[in-house]
Amino acid sequence: MALVEPLPAQNVGQVSFGCSAEGGFQRLSFTGTGSEYFGIWIVNILLTIVTLGIYSAWAKVRRNRYFYGNSVLLGRGFEYHATGKQILVGRLIVFAYLVLYNVMLTFVPYVGIGLGVLILFFLPWLLARGLRFSARVTSYRNVRFDFVGRAGGAFLAFIVGPVIAVLTLGILAPLASRWSYRYIGNNLRYGQKAFSTDPSVGAIYKSWAISAAVVVLGLLIIGFIAFLNIALITTAFENPDLAEAVGMQVSLTLLIVIGYVLVFAIFGVAALIYRAGVRNVAWSAATLDGKHRLLSDLSRLRYTSIAVSNLLLTLVTLGLMRPWAAVRMVRYVNEHTGVRFEGNVGEIFSAIAQEGSAVGAEFMDIEGFDFGF
Amino acid sequence: MDSDSSAFARGEWHPAGSSRSVVAGLSEVGERVVACDETGAELAGGNFSAIRISARVGRIPRRVTFPDGSLFETNDNDAIDRFLARNGRAGAGTVHWLERFHPRLVAFVAATILLGALVYRYALPALVEVAVAVTPPILPRIMSVSTLETLDKTLLGESKLDEARRARILDGFQRIAALSAAGEGGYTLNFREGGPLGPNAFALPDGTLILTDELVELAGSDTEMIVGVLAHEIGHVEHKHSLRQIYRAAGVAALIMLVAGDIGSGAEDILVEGGGLLALSYSRSAEAEADRHSVELMMKAGLDPAAIARFFELLETKLEDRSETSIFSTHPGTPERRKAILDLIAEHAGESIK
């Protein structure tokens with residue numbers, strides 16, 4: 001692929017890091033393969049079932065180590081350091097809380113609601129802790145990442161932002177995206193060097209406009225189909241015999257299903273387009289140590305088509321092609337992510353020694369949050 | 001010193017927490033494992049028991065962490081495995097061996113599907129039964145009290161039925177309640193105005209039954225029909241359907257979450273929705289079970305077991321409810337249920353003739 005610049009060979013020694021005389025962007029690559037990951041994936045699932053779920057913590061470690069380790073920048077992969085035990089403990093705590101919460105909600109609603117409010121109160125703190133854990137167990141060239149964001153920022157980025165976005169029917173979503181990217185981008189550290197980003201709202205809105213157009217157009221089409229069918233249903237009511245003859249029952253059910261799938265598809269596609277656009281804007285506005293620039297140049301169309309075809313491929317093969325789909329996506333995203341080092345980066349030191357607790361990270365995992373680097 | 005040539009793996013060495021890297025080799029010197037640079041000078045070292053070696057995953061580099069926090073990294077995975085085997089840790093690579101792309105993975109796929117199906121078919125229902133069995137009766141009671149309280153505050157209104165009508169229904173209700181496993185004391189009947197719930201009757205898990213005025217009006221003078229519906233609701237309580245359903249839903253969600261990290265978010269959403277549809281099909285079988293219970297209780301009480309069938313007929317004619325069973329409905333199609341009940345009665349009649 002022409003876009004991928006040749007990478008220096010492994011083991012080039014002390015001078016390779018950051019020295020880019022050409023001044024071009026160094027892109028990430030992905031060296032893993034679908035078949036190799038398939039083995040890891042199926043064994044993960046099998047052992048998770050056999051061990052009644054306990055292995056899932058180690059499964060996560062192996063999965064992440066595979067994806068991080070094969071994400072290569074300048075001939076060197078990233079590393080994932082969390083241990084199965086850390087993750088298991090985090091999961092057990094979160095699981096116990098969720099069980100307690102659900103049981104209480106069912107049987108003693110007031111206590112349940114109280115527990116829910118409590119977790120809502122602690123959520124920003126948990127999110128910040130989770131991001132910190134994820135960052136601290138990630139390293140590149142033996143230097144760990146770190147995250148120094150506080151609960152207040154997490155509250156604005158992940159609670160206030162989405163609520164405002166939903167309340168304004170997505171019109172203020174770019175603002176929410178800006179908050180969350182600023183929160184992550186400005187609090188992320190690599191060793192003692194800081195990342196920073198300040199994506200412009202205008203640029204995000206440009207990207208947002210395309211998604212908004214997709215949603216509006218899609219809803220218009222659904223509205224049109226529904227309108228056509230209102231005519232059909234009315235006819236059917238006026239001539240019940242006719243309706244019986246053409247099997248109205250079946251077609252009505254089918255229509256509901258089609259409508260549901262269409263809505264799901266429209267919002268899904270719009271979200272994917274938006275996500276790729278925002279990522280490009282936010283990453284390309286980011287720098288490390290005030291001078292090394294980051295780059296993201298995902299094609300919105302290509303990113304969306306890969307995500308959609310991956311989902312279809314996974315469904316059609318009853319999940320069996322999922323490993324190939326996952327590898328395909330990571331490869332595409334990596335190849336469209338890069339860094340341009342200004343001069344020699346020199347020796348960077350890790351500022352941290354310990355990882356802290358996995359509870360926050362596991363909460364994000366179970367609640368469906370997913371932040372990757 | 002010739003430790004360089006004795007190196008069994010080549011790679012790079014990093015001082016603790018530093019991005020600086022030095023081309024190095026790993027070798028064994030007596031009991032110790034040492035990393036040496038190209039000139040043979042020792043960079044770091046430690047006893048075998050004191051160093052940490054990362055597990056093998058795919059072809060990603062292995063990490064050897066020394067007690068001083070420095071790190072040796074190598075792509076020579078096989079050499080590290082041989083070194084581990086020499087030191088009595090041959091089993092360390094078992095998971096990696098299992099994961100290799102190999103025909104045996106076909107067997108793993110089959111085993112995974114089979115185990116998944118077994119878990120869903122047997123382990124999940126068994127766990128649900130265990131959970132139902134260990135649930136102390138106080139929990140359904142608390143749950144029911146608060147549910148009724150919430151319903152009274154939000155949807156239900158006070159009943160406007162006259163005393164005589166109530167007494168007739170209560171009388172019939174007590175007759176069948178007395179014949180059920182929990183006895184007459186196990187059930188209490190509440191009259192309410194249904195409001196948005198319309199003609200309805202439902203049971204809370206502790207045996208609290210709620211009957212709406214609208215349903216009584218729909219039944220007209222046929223009190224027996226109402227009793228038949230109440231017998232159906234008693235069936236739900238006796239079989240602990242609501243508890244089972246809660247535990248089932250929780251179990252399915254937990255199962256999906258367990259492997260969720262590996263299936264992708266879009267596929268996960270679809271699975272969760274699919275789980276919801278399956279839960280509906282479970283509630284259909286619960287309805288059928290309650291219908292059967294109604295027939296049996298009514299027969300025992302010497303009442304007409306077809307009363308509930310008359311109720312379904314009423315639903316069909318008055319409310320034009322001719323829905324067929326589909327995967328989207330919580331209840332079986334009304335005509336189908338009516339037929340199942342009449343079949344059951346015919347079966348019972350056949351038995352009693354013999």
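Predicted model: local features only at pLDDT ≥ 70, side-chain atom pairs only at ≥ 80, totals over all residues.

**Entry 1: the sheet of chain A**

I began with two strands of chain A, β10 (residues 292–296) and β11 (residues 337–340), and found that they pair in the antiparallel sense over four bridges. Looking up one residue of this pairing, I noted that Leu295(A) has Gly338(A) in β11(A) as its bridge partner.

Widening the view, I found that the open sheet in chain A has 11 strands in the order β1-β11-β10-β9-β8-β7-β6-β5-β4-β3-β2, with antiparallel pairing. The edges are taken by β1 (26–27) and β2 (29–30) of chain A, and each has a single partner strand, so one side of each is left without a neighbour in the sheet.

I then asked which strands of chain A are touched by α2(A) as it packs on the sheet. They are β2, β3 (71–73), β4 and β5 (138–140) of chain A, and the direction of α2(A) makes about 160° with that of β4(A). Helix α4(A), which I looked up next, lies across β5, β6 (143–147) and β7 (188–190) of chain A and runs at about 170° to β6(A).

**Entry 2: the sheet of chain B**

In chain B I found an open sheet of seven strands, ordered β4-β3-β2-β1-β7-β6-β5, and here the pairing is antiparallel. At its edges stand β4 (42–47) and β5 (52–53) of chain B, each with a single partner strand, so one side of each has no neighbour in the sheet.

Within this sheet I followed strand β2 (residues 22–29) of chain B, which runs antiparallel to strand β3 (residues 32–37) of chain B and is joined to it by six bridges. For Ser27(B), the bridge partner in β3(B) is Val34(B). Helix α1 (residues 77–86) of chain B lies across several strands of chain B, among them β1 (9–14), β6 (62–65) and β7 (71–74), and runs at about 50° to β6(B).

**Entry 3: where the chains meet**

How many residues of each chain are in contact with the other? I noted 61 residues of chain A against 59 residues of chain B. Together the two chains bury about 5,100 Å², and 60% of this is on carbon and sulfur atoms.

Turning to polar pairs, I noted 16 residue pairs in polar contact across the interface, counting those with both residues at pLDDT 80 or more. On the side of chain A that touches chain B, α1(A) gives the largest share, 15 residues. By class, that side of chain A has 29 nonpolar, 23 polar and nine charged residues.

**Entry 4: salt bridges**

In one salt bridge, between Arg59(B) and Glu36(A), the closest N and O atoms are 3.0 Å apart. This pair crosses between chains, from the loop between β5 and β6 of chain B, where Arg59(B) sits, to helix α1 of chain A, which holds Glu36(A). I also noted a salt bridge between Arg76(A) and Glu12(B), with the closest N and O atoms 3.0 Å apart.

How values were computed: Residues numbered from 1 in each chain as written. Chains lettered and ligands numbered in written order. Heavy atoms only, no water. Contact = heavy atoms within 4.5 Å. Buried area = accessible area lost by both parts, 1.4 Å probe. Salt bridge = Lys/Arg side-chain N within 4 Å of Asp/Glu carboxyl O. Polar contact = N/O pair within 3.5 Å; in protein donor to acceptor, adjacent residues only side chain to side chain. Nonpolar A, V, L, I, M, F, W, Y, C, P; charged D, E, K, R; others polar. Pairing = 2+ DSSP bridges. Axes fitted to C-alpha atoms, helices over the stretch in contact; angles between N-to-C directions.
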